[in-house]
Amino acid sequence: GAGQDVGRSCILVSIAGKNVMLDCGMHMGYNDDRRFPDFSYITQNGRLTDFLDCVIISHFHLDHCGALPYFSEMVGYDGPIYMTHPTKAICPILLEDYRKITVDKKGETNFFTSQMIKDCMKKVVAVHLHQTVQVDEELEIKAYYAGHVLGAAMFQIKVGCESVVYTGDYNMTPDRHLGAAWIDKCRPDLLISESTYATTIRDSKRCRERDFLKKVHETVERGGKVLIPVFALGRAQELCILLETFWERMNLKAPIYFSTGLTEKANHYYKLFITWTNQKIRKTFVQRNMFEFKHIKAFDRAFADNPGPMVVFATPGMLHAGQSLQIFRKWAGNEKNMVIMPGYCVQGTVGHKILSGQRKLEMEGRQILEVKMQVEYMSFSAHADAKGIMQLIRQAEPRNVLLVHGEAKKMEFLKQKIEQEFHVSCFMPANGETTTILTNPCIPVDISLGLLKRETAIGPVPDAKKPKLMHGTLLMKDNSFRLVCPEQALKELGLAEHQLRFTCRVHIQDPRKEHETGLRVYNHLKGGIWDGYPASQIIPKKKKKTLNLDYLVQHLPDGSITVESILIQATAHSEDQGTKVLLVSWTYQDEELGSYLTSLLKKGLPQSTP
Amino acid sequence: QQHEDLSTKKLRLTKPSKSAALHVDLCKATSPADALQYLLQFARKPVEVESVEGVVRILLEHYYKENDASVRLKIASLLGLLSKTAGFSPDCIMDDAINTLQNEKSHQVLAQLLDTLLVIGTKLPENPSVRMRLVEVACKHLTDSSHGVRNKCLQLIGCLGPVEKGVAKEAESQAAKDVQKIIGDHFNDQDPRVRTAAIKAMLQLHERGLKLQQAIYSQACKLLADDYEQVRSAAVQLIWVLSQLYPESIVPIPSSNEEIRLVDDAFGKICHMVSDGSWVVRVQAAKLLGSMQQVSSHFLEQTLDKKLMSDLRRKRTAHERAKELYSSGEFSSGRKWGDDAPKEEIDTGAVNLIESGACGAFVHGLEDEMYEVRIAAVEALCMLAQSSPSFAEKCLDFLVDMFNDEIEEVRLQSIHTMRKISNNITLREDQLDTVLAVLEDSSRDIREALHELLCCTNVSTKEGIHLALVELLKNLTKYPTDRESIWKCLKFLGSRHPTLVLPLVPELLSTHPFFDTPEPDMDDPAYIAVLVLIFNAAKSCPTMPALFSDHTFRHYAYLRDSLSHLVPPLRLPGRKLVSSAVSPSITPHEDPSQQFLHQSLERVYNFQHLDPRGIQELLEFTIRDLQRLGELQSELAGMADFTATYLQCQLLLIKALQEKLWNVAAPLYLKQNALASAAAKQILEETYKMEFMYSGVESRQVVIIHHMRLQAKALQLIVTARTTRGVEPLFGMCEKFLQEVDSFQRCFISELPHMQGSFVDKLLDLMPRLVTSKPSEVVKILQTTLRQSTFLHLPLPEQLHRATANIIEPTGESDNPLRFTSGLVVALDVDATLEHVQDPQGTVKVQVLYPDGQAQLIHPKPADFRNPGPGRHRLITQVYLSHTAWTEPCQIEVRLLLSYDSNRSKASTRIPKSTWSESLEALPPSENGIEGTIPFSKPVKVYIMPKPARR
């Protein structure tokens, strides 16, 4: 889900052999099987638990967690489900509400039950912000603050040195009750970002807030009533805080009500999770918890008929049913009153009709309702806009970006922008499509301390910037990599050491005795003959002399000559006494020196004898 | 060497404690832990300057022996501490300190030693060769593998590196030549702490006056993308410094052929940092933006620009829409959903989502999550707007938006900012509307700041004025305590916009061409507010009074009298000008009242050879004149009062002395004694008032005041000598007096030549005699000198203001007693304005006097004082009252006191430094420290009634 689409977010990520499912949402637009993600994509007949290592839920909106009980209880999944503490607290309330509406109101069967929600929540593991949770030995996840709604989080999933960041929904501008999303420079291989507002750059929040407050204030001063239809969670709290502080600041007396039920319950959680809110609320809660509203009281049906000004928050947000519609019908006739729609309305709802300017509404029972009250629209949305998305990408510095949760056309634009600005590749798969991203993983190798010390002692002082060449044996054993010295490797593997030697015969015309030839060779090698040696070219001139001595040239009593490990023996040719055969033999480590000596000897010995 | 030995030896004899004890302790120490304990104990006690070197030697000796790194570390840190000792010159221990570096293996100890060297280096600012050596040492250790050591090295180079090129050339070796390059190399160090230290060292060099090279700029730009916030934060600073150094150089834009000015480029880069991930960096960046005034206006205006779009179509911001609506002459209907519907399509290629330029930096900054960033952004806006009027105009919308911030501090800051730039701007009606909405804020500070803002804003239309008036009146009814500040606000609003007020007058006064309207209630604050507006507008609009009705004229006369500070003199038909306003053509020098002041003083000083009677009369008259003058001319009030007080003192002194009866035996003339002692006491009090209640008093005046005080003390001594029997108590008093004369001489030695013929002058001549003679003789001499001494001329300073306080609340008018249960407390709100009080937090106290004579002194919290303008303060505090039960309500008195302490006398800070340091040593500090209080506000009576507790 969520591929070039909004709703039923559900993303599968396979990273370094681990499979993680990100979000498990439902789709608002469908009432059939399409409302839930198609879990048969994961596996046809095996158990989900075997296939998935964990499930992560970013926040409590139903399009991100609505299919969770279905997935875990009805399809069957017993592995861990990760979400933040506030999400864990609020999620079951919403699920229960969703279940009630579908089962009790619409009368659907074959839906998950309350018990299933409870069982499902038992599988949830709650995480804290910035807490690194080890799912198993290799897979670890970490939550970052995402704004958007209470408890919304971005998750970093990391296996070895490969990592993915999933943003869920996030908001880069702070609002009245939540802060802005933040992530450190974690440089993930892939950033999966929402892109709801991929083609929008929004105006400052302040203007909207000011307009909203001004309109409410004016109406209340006129003695009018203000109706604000909201959904229970998220924006409702923001607007409550906004009005509450405004009332406090301006010393207003008109009552504010919010409809009881869900909102009340949710407010309770907002009170508890103060650490998840914005700076102002966090700083002042010692004196007073901002969610303990002084001016906002619970609404009772009878209050709607009270005289005098008042402000009422009522559910649902699109005026299609319930309390908000009831109040709307009562107040619509008076031009002093006002209704403020703080969000988007689906076509067909009363909210959409009045927003598009319809003044006469046909209600059920052929009643005609004339709308005289003022109708205002205010957009309060908590998604990052295009600039915000770019800002997050800049903060996290990912190597690849993948866009989800948005419309294809809009994503196209943003994708192009991202590729242009950051020079990283960007993907936008449709539902069911798989994107493969090649990573360049670094593989950690353990090195034994002894070897490290020995190797660093050779050559120049280690410089952190420059790579350094080391000799050792790479042991791949028991799923781990180790760099050890050859002797140890041999010992561990129980192998005998073999030596590889190259031998070569050089024929020299030399009538003298064998040992004399040997002596000549010895003297020749002892002299300054290293100028042609390739290794000597990289050594600075002044060091050459000292180095020369380092090649230990020895004349052994048996007549053979050694240069380091290279052995040279002179023997008389079996057929031709005037020709001496020089046997040169070297180990493969000294290949360079050996071949050089051979070529040197092939040129013959100098004529002048000492 | 010999000498050194000698001195240490001598030291051990006289002060054997320090070094010797330490040595013994350290030798005794069996384990490193023990030694560490001894050192820790040792560090707690201060070390005398003379013994520092000895102690250092012992420590070093021990240092070489010690194997434990922690002990060596402690020793190293102690060395640093000891070198800081005032008066000790650490060059003698430098060699040893450098030597210790060579054999040290522990990185921590190395770092600490370098720190010590840094201390030593900073103690020897005049020694370039030492510094060079230290820098060389530091350079050597820059390759150390520990970040701590490299850190310290860079710090040392930054603090001690050569600043002047010329001097350095000769003295130093190749390595130390280019400190900038050395430091610059460490910009790429692998450890972020070292990178930070490198940048800081660079900044340090800049602070010390080295001109940084422009080449660093590109390096610093790279550091802006560092992973660590402290590096980025420091880099932002460095970029800012460079942009100030080379504003006009040209730098290329990467990935294009264009080039821009460096300051513009830097501005763009810093703007970019306003959306950094770390809020510390954001604050830093936002702050620095404010001080980049050379940036070109094109870039500046970009900071407020944020192109909106919706579904790829260009959208106008709310600000633009508001502006358009305003210019098209209609108000926002706001009723349509599609009101903000996006208009034209945007070319997708042209949209730049993350601009490298300055785009929208302030838009981001002002919307930031952290209020620290928002405040910094507002401050920066303020500074930039002050220097650029066109920018001020542009940023107005954003500032107005900030009036609705959720944090009060931010709101307050933005209101203040707006006030500061208000000269450059004119508010549009819709903006004014938003501004005025804040008048209903429940915070007093916000409202008052807003009143201040309205005082100096320009409004463009008469509707605007009307709107402002209506909102202010609404504010008045909601918060009646704001009365004063609203009236003041309307005063300025009226005088700034006379032509806009004119068409509103009939409506405001509700006059009707044909009908008489009822006369409004004169005591209604709202009506007064309207009148204040109108009268102030009428001052520069002569046609306005024609619109007034009869009662308006009557009310004018009343208000002109009762609220003269708010109502200006008007040229009304058929009426003389109430007070002759000083026409601006007369310079203060020719000002007749000023002349009068000087003339009368002249008279007093010149005719001092008159007979005593005459002098007395003259003084009395002059005092009376001066007091009246002070009442009439408010700008001369301070001056007149000050001199009047001085003359009063003189008068008292003359009166006390001139009686011939002094010569007769004392006990018979108790009355005389009473008079004289009362006079002495009063003179003392008055001198304290003169010294501490006036701001602008200079040292010349302080001398005279102290001199007068000395005379009063002499008088006191004489009176006591006459009334007490026996000589014993007199000895002490005489000695004390002589000490005071002595300290007077020390304090004011530079002023003495101006005091020819004065009391002190004569006294000092007689000093040798006085010291040796008996008390009775001393008294006699004093008496004659007092009488013969001349009257000192009191020179007047340029500006002299008397500290005044006015308690606005409680008003003292209420007849309803404040009832509370006895034993419990009741909070009384006190609101007062203070003028010309220096350091009110430390000096102003509230006194509460209960009817039973009990007095309570309350120190208001420092936070209770606000500073609305220069020289003005406002005290808003709560005073807690409590008392046992009374049978009926009674009045208590509340007043403000100015406390003083003659120790921190103005004299001490004013006299030249050289004499001060001498007298500091000689003067026992608390010898003549007299603490006292001067009441400086009218007492206000509050009716209270503590009821007995009900059981």
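How many aromatic pairs does a search of the whole structure find over all chains? Before I answer, a word on what we are looking at: this is a predicted model, in which local features need pLDDT of at least 70 and side-chain atom pairs count only at pLDDT 80 or more, while totals for chains, interfaces and linings use all residues. Residues are numbered from 1 along each chain as its sequence is written, chains are lettered from A and ligands numbered from 1 in the order in which they are written, and side-chain values use heavy atoms, with hydrogens and water left out.

The search finds 24 aromatic pairs over all chains, where rings of Phe, Tyr and Trp (its six-membered ring) pair if their centres lie within 6.5 Å, and planes under 30 degrees apart count as stacked, over 60 as edge-to-face and the rest as tilted. One of them joins Tyr63(B) and Tyr64(B), edge-to-face, with 5.8 Å from centre to centre and 85° between the planes. Of these two residues, Tyr63(B) is buried at a relative accessible area of 3%, whereas Tyr64(B) is partly exposed at 45%; buried here means under 20% relative accessible area, exposed over 50%, and partly exposed in between, with a 1.4 Å probe and protein chains only.

In chain A, ring pairs link Phe36(A), Phe39(A), Tyr70(A), Phe71(A), Tyr77(A), Tyr98(A), Phe111(A) and Phe112(A) into a cluster. The ring of Phe36(A) also has the charged end of Arg35(A) over it, 5.4 Å from its centre, and in chain B Arg447(B) lies over the face of Tyr479(B) at 3.6 Å from the ring centre. For such a case, NZ of Lys or CZ of Arg has to be within 6 Å of the ring centre and within 35 degrees of the ring normal.

Let me turn to confidence. The predictor gives the complex an ipTM of 0.76 and a pTM of 0.73, and chain B has a mean pLDDT of 77, with 82% of its residues at 70 or more; pLDDT is the predictor's confidence in each residue, from 0 to 100. In chain B, pLDDT stays under 50 over residues 166-176, for which the model has 13 contacts beyond four places in sequence, and again over residues 327-343, for which it has 27 such contacts, a contact meaning heavy atoms within 4.5 Å. Where pLDDT is low, the predicted coordinates should not be read in detail.

Now to chain A. An unreviewed UniProt entry places the annotation "domain: Metallo-beta-lactamase" on residues 7-224 of chain A, and over those residues the chain is 30% helix and 22% strand, with the end C-alpha atoms 38 Å apart. Helices (H or I, at least four residues) and strands (E, at least two) are DSSP runs, numbered from the N terminus.

Ser9(A), in the segment before S1 of chain A, is buried at 1% relative accessibility, and beyond its neighbours within four places in sequence it is in contact with residues including Asp63(A), His64(A), Tyr166(A) and His405(A). Gln4(A), also placed in the segment before strand S1 (11-15) of chain A, has a positive phi near 50° in a residue other than glycine.

Arg187(A), likewise not a glycine, has a positive phi of about 45°, and is found in the loop between strand S9 (162-166) and strand S10 (190-194) of chain A.

In helix H10 (residues 322-331) of chain A, the residues Gln323(A), Ser324(A), Leu325(A), Ile327(A), Phe328(A) and Trp331(A) are buried, and the buried residues of H10(A) pack against elements including strand S11 (225-229), strand S14 (310-314) and helix H11 (350-355) of chain A.

My last stop is a set of strands in chain B. S15(B) is mostly covered, with seven of its ten residues buried. Strand S11 (residues 826-835) of chain B pairs with S15(B) in the antiparallel sense over ten bridges, and Asp829(B) has Gln878(B) as its bridge partner in S15(B); two strands pair if DSSP finds at least two bridges between them. Strand S14 (residues 865-869) of chain B pairs with strand S15 (residues 872-881) of chain B, also in the antiparallel sense, over three bridges, and there the partner of Phe865(B) is Leu875(B). The hairpin of S14(B) and S15(B) has two residues between the strands, and in it Gly871(B) takes a positive phi near 80°.

How values were computed. UniProt positions renumbered as here; feature names shortened; annotations may be inferred.
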